[in-house]
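Hi,

Here is the structure we talked about, for you to open on your side. My notes on it follow below.

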Amino acid sequence: MTLFTLAELEAAAELVHAHVPATPQFAWPLLRQRTGVEVWVKHENHTPTGAFKVRGGVVYMDWLKRSQPEVTGVISATRGNHGQSIAVAAARAGLQCVIVVPEGNSVEKNAAIRAFGAELVVHGHDFDAARAHAAHLAEQRRLHFVPSFDKHLVIGVATYALELFRAVPDLQRVYVPIGLGSGICGVITVRDLLGLDTEIVGVVADAAPAYALSLEAGRGIESNSAATFADGMAVRSPSAAAFAIIQTGVARILRLSEDEIAAAIRVYYSDTHNLAEGAGAAPLAGLLRESDTLRGRKAGVILCGGNIDAQVFAQVLAGRTPKV
């Protein structure tokens, strides 16, 4: 299943790079020393919003303005990074923006969403409840509902995979976090478009295992909860469209403990002096678990975002695992 062509991807990259500079990929020597693996980190924590989602927002809003010029406002649900992306892109497109977040959401991500110009609405106990409320408000207030998974979002975020694979085409394995699926679907599609044989491993939090359960069952499975401090992966209901791509494109999906994710945040800070939020550190946590199988080889990890609250980061640096 191919969502877009290479020509469409390259056009999207040109559009994205007019607003978001290409991010670096570095092979950090201390990570190699620690793991025995040449670890290439794709630094999506270096975008203007501190996360990869902004790429998708740029492409989506460009499409929306061209295809539905009558739209004057948009609404979406988020745990943070998608909301910042939509807020930034909507402001640049001259559109009203409403973002719905669940109760207890990241204080600092909420502040950033407001700072980027969006109206923030707090509703529901988790992302899935916030998403349902956003859909209701879209009808009530006559706003265009922006989903968390859509072709135009995927082609936008896939531009980071194009940068990575063109810079380091001989990666033997790449670890990618799974929230609702746009990032990993972009990586899978770009790998296939470029004709590479890179193994792709998805990672989720054990406390939010919907996509791992779905892969095991061969069909979409909802999890009962998504109580992980790695809020970018806190999803209960998988996207059917995303799962169709993931199911055929990944080697496996690892379920990571909260302790493993916290440990990877500490490793990022000690070995690279980069901040990683929970979802951003999860790919490194997966590589650390499997490093014995990769010794002497070359692997990539997607640091998808660095938007971690100071209070949470302080707990992690003190050697504790944040509780939800």
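First, a question to get you oriented: at about what angle to E4 does helix H4 (residues 81-93) run? This is a predicted model, so keep that in mind. In it, H4 lies across strand E3 (73-77) and E4, and its angle to E4 is about 175°.

Those two strands belong to an open sheet of four, ordered E5-E4-E3-E6, with parallel pairing. At the edges sit strand E5 (119-122) and strand E6 (144-145), each of which pairs on one side only. Strand E4 (residues 96-101) is joined to E5 by four bridges in the parallel sense. If you want a spot to check, Val 98 has Glu 119 in E5 as its bridge partner.

Now the spaces, which I guess you care about more. The largest pocket has a volume of about 590 Å³. It is lined by 29 residues, and the closest to its centre are Arg 79, Gly 104, Thr 228, Phe 229 and Val 324. Helix H5 (107-115) and helix H13 (310-317) each give at least two residues to that lining. By class, the pocket lining splits into nine nonpolar, 11 polar and nine charged residues.

There are also three cavities of 30 Å³ or more. The largest cavity holds about 330 Å³ of space, and of its 28 lining residues, Lys 53, Gly 179, Leu 180, Gly 232 and Met 233 are the closest to its centre. H4 turns up again here: along with strand E7 (173-177) and helix H8 (182-193), H4 gives two or more residues to the lining. The largest share, three residues, is from H8. This lining has 13 nonpolar, 10 polar and five charged residues.

Cheers

How values were computed
Residues numbered from 1 in each chain as written. Predicted model: local features only at pLDDT ≥ 70, side-chain atom pairs only at ≥ 80, totals over all residues. Heavy atoms only, no water. Pairing = 2+ DSSP bridges. Contact = heavy atoms within 4.5 Å. Axes fitted to C-alpha atoms, helices over the stretch in contact; angles between N-to-C directions. 1 Å grid on protein atoms, 1.4 Å probe; cavity = no way out; pocket = protein on both sides within 12 Å on 5 of 7 lines; lining within 4 Å. Points joined across faces, edges and corners; volume = space filled by probe spheres on them. Nonpolar A, V, L, I, M, F, W, Y, C, P; charged D, E, K, R; others polar.
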